[in-house]
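Dear colleague,

My notes on it follow directly after.

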Amino acid sequence: MRRPVALRLQAALATAAVGAAIVVALPMHQASAAAGSATGYATRNGGTTGGAGGQTVRATTGTAIHAALCGRASSSTPIVIEVTGTINHGNTSKVSGGSCSTADGVIELKQISNVTIIGVGSGAVFDQLGIHIREASNIIIRNVTVRNVKKSGSPTSNGGDAIGMESNVRNVWVDHVTLEASGGESEGFDGLFDMKDNTQYVTLSYSILRNSGRGGLIGSSESDRSNGFVTFHHNLYENIDSRTPLLRGGIAHIYNNHYVSIRESGINSRAGGQAKVENNYFRNSKDVLGTFYTSERGYWQVAGNVFDNVTWSSPGTDNYPAGPNPQSNTTVSIPYAYTLDGAACVPDVVRQTAGANTGLRESDGNCSPQTPAPTSTSPGPTPTSPGPTPTSPTPTPTQPGGPNLSIGAGSDGSSKADGTSYGNVRDGNMSTYWSPAGSTGQISIKWGSATRVSRVVIREEAGAVGNIGSWRLVNHDTGAVLASGSGAGVITFPATSLSKITFDVTGSTGTPRVAEFETYAA
């Protein structure tokens, strides 16, 4: 006979370090139904419900948090962990079990799903102790403070990130948290909110990020473009050097945030990144939007922002500020409903709602903070398990379903190399190809009337596999960037009706040779 969850939690605790606080399993009728629900991109891909519908337990140490995870029936059994008090290195040890993979000196959410961690009572502070999310899905973190996490000096935790996500992470909602440091990299700190190595469908809302050299990144390098679909709204970024955020190759929706004292650069969209930036309030800051520290440009759509005492540097090599009069250079389609507060009231709304211990207050979309009603604890849909990145091609494309719409269509492009033809990309022959006259260029497929397309396959000629570097896929009718990334392969995006689609090669490691530019409805 299987033991009840509460007994399994107690058994897990028996293996924990001496001095760990007891996990208290609350009866289901005592389970706190936290107010509000996920917003933004965290609502996509099946939604983010965390531990809704599962057992609720109370923890006062990091070891107790690990024990609660390890005491579940499985690594996907829903659980709500209510945290109170100060969590630090002295009370956070590894706990072993079949439903967890924990470690000393960090809150480890690895290879698990369906978990909520929420601060209760007088507050929950993770002091010099980071939260690491790896190979996990459907995670909610709310109403906690994470401070002074270091990557050098003593003690160290989580590579210096307050909250870090990596390696096939899906559906994370971080809400009403305070993330802070006491300096930059030279003082031993790194990022406050980092995502890398295929992390998608994340929302950061009603939170404070302050007193750090780096706010956070999406993508750890110019080649790490498998991340994206991230929403940032109603957050305060204060006294930050840069990365609010740094966006590489993904899509971010950034609205109703308050930026104060951004010293070096703010929203840094680069390497094909696309940011929709609307109704934010920027004050007493420098270079709050643009592409910085690289020649690999990013893109943005801007609307309704307020720039209050913002200074802009002059454009130059590896420095492309969007101001002093920021204009859109792409169009970003947002797939969920949302309500915008007017930018002028953002400082006041964010002041009353953002951060831990503010009562989980939210804006009603009319510049008026509200305390949301409790939500149901019934479980919602399970998020889709990690899969291929929609905007990053797979290395070896396979044949999608349905006919190749490029067969019988037209084609054109930028200047072509001698001996090549635009038509070679739609003839079904892998031995013929189009090459640009230089290392970059554009090739298009076109139809006589609007055609619905949701998938493209770019196939390189056998002697040039790997030559294509960075690229954009553009709706030629509107100029909207449908996807961006690097390398040939399969590209998927929301189904779009268009009469011409353009593959724009913006970087290469050798002469690009596109043998086939295939298009599919599904």
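**Salt bridges and a covered strand**

Glutamate 222 has a relative accessibility of 19% and therefore counts as buried, the cut-off being under 20%. Please bear in mind that the model is predicted. The side chain of glutamate 222 meets that of arginine 248 in a salt bridge, at 2.6 Å from N to O. This pair links distant parts of the chain: glutamate 222 belongs to the loop between strand E15 (217-218) and E16, arginine 248 belongs to strand E18 (residues 246-248), and the two are 26 residues apart. Arginine 248 is buried as well, with a relative accessible area of 8%.

The search of the whole structure finds 19 salt bridges. One of them joins arginine 134 to glutamate 166, with the closest N and O atoms 3.2 Å apart. Because arginine 134 lies in strand E6 (residues 131-134) and glutamate 166 in strand E9 (residues 163-166), the pair ties together parts that are 32 residues apart in sequence. Arginine 134 is partly exposed, its relative accessible area being 24%, whereas glutamate 166, at 18% relative accessibility, counts as buried.

A further salt bridge is formed by lysine 151 and glutamate 185, whose closest N and O atoms are 2.8 Å apart. Lysine 151 is in the loop between strand E8 (145-147) and E9, and glutamate 185 is in the loop between strand E11 (178-183) and strand E12 (193-196), so this pair ties together parts that are 34 residues apart in sequence. Lysine 151 is partly exposed at 33% relative accessibility, and glutamate 185 is partly exposed with a relative accessible area of 43%. Salt bridges with shared partners also join Lys151, Glu185, Asp190 and Arg214 into one network.

I turn now to strand E19. This strand (residues 251-255) is mostly covered, with five of its five residues buried. In a regular strand, side chains alternate between the two faces of the sheet. Both faces of E19 are covered: Ile251, His253 and Tyr255 are buried on one side, and Ala252 and Ile254 are buried on the other.

E19 pairs with two strands that I wish to mention. With strand E16 (residues 228-233), the pairing is in the parallel sense over four bridges, and threonine 231 stands opposite histidine 253 of E19. With strand E22 (residues 274-278), E19 is joined by five bridges, and these strands also run parallel. Here isoleucine 254 has valine 277 in E22 as its bridge partner.

With kind regards

Key. Residues numbered from 1 in each chain as written. Predicted model: local features only at pLDDT ≥ 70, side-chain atom pairs only at ≥ 80, totals over all residues. Heavy atoms only, no water. Buried < 20%, exposed > 50% of the residue type's maximum accessible area, 1.4 Å probe, protein only. Pairing = 2+ DSSP bridges. Salt bridge = Lys/Arg side-chain N within 4 Å of Asp/Glu carboxyl O.
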